[in-house]
Amino acid sequence: MATKEIVDAMAMQRALTRITYEIIEKNKGVGNLVIVGIKTRGVYIARRIAERLQQLENAEIPVAELDISTYRDDNKERHVADITDLGVELDDKRVVLVDDVLFTGRTIRAALDALMDHGRPAAVNLAVLVDRGHRELPIRADFVGKNIPTAASERISVKVSEIDGEDAVEIN
């Protein structure tokens, strides 16, 4: 199957701006907010959201990078690695967990386990650039840039300029 671009750079920027406004509205501002990006592309999306929040609310929002590799249920060595310091206090904070694509929900489950090992947030919301369906767990995003129904066999690729030299979402 050929690769087809379904979101270009401008559409991605608009989606992230919309997510940013929704985060402000749902949280009634940005006080006590922490943005946590799931490595790898979720981190870059999280940083962009935090930059936009700073522009809109004139407040610096902490951004943390979360590596969930030892928490994945397909990792037989899980939970043996040391917990790396997020560099941000999570206790009693309102956390926005950010990832690029929401598919089965297993990555998010692993991320929630990892978050809880780092502290006890007051609330956790989920922001994703793309929700493609096919959930295997009861997980739903609070903020979605684009819903893209897919076949289970299709693949969604998110490109970010920081890694890939361009912003796009492709399906193949």
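In the predicted model, helix H2 comprises 17 residues (41-57) and extends 24 Å between its first and last C-alpha atoms, close to the 24 Å expected at 1.5 Å a residue. Several positions of H2 are buried, namely Gly-42, Val-43, Tyr-44, Ile-45, Ala-46, Arg-48, Ile-49, Ala-50 and Leu-53. The cover over these buried residues includes helices H1 and H4 (161-164) together with strands E2, E3, E4 and E5. Just after H2, Asn-58 adopts a positive phi of about 55 degrees.

The strands E2 to E6 form an open sheet with parallel pairing, in which the 5 strands follow the order E3-E2-E4-E5-E6. From one strand to the next, the twist averages 25 degrees.

Helix H1 (residues 9-26) lies across strand E2 (33-38), strand E4 (94-102), E5 and E6, and runs at about 150 degrees to E6. Helix H3 (residues 106-118) also packs on the sheet, where E2, E3, E4 and E5 are touched by this helix. The direction of H3 makes about 155 degrees with that of E4.

Terms used. Residues are numbered from 1 along each chain as its sequence is written. This is a predicted model: local features need pLDDT of at least 70, side-chain atom pairs count only at pLDDT 80 or more; totals for chains, interfaces and linings use all residues. Side-chain values use heavy atoms; hydrogens and water are left out. Two strands pair if DSSP finds at least two bridges between them. Helices (H or I, at least four residues) and strands (E, at least two) are DSSP runs, numbered from the N terminus. Axes are lines fitted to C-alpha atoms, for helices over the stretch in contact, and angles run from 0 to 180 degrees between N-to-C directions. Contact means heavy atoms within 4.5 Å. The expected span of a helix is 1.5 Å times one less than its number of residues. Buried means under 20% relative accessible area, exposed over 50%, partly exposed in between (1.4 Å probe, protein chains only).
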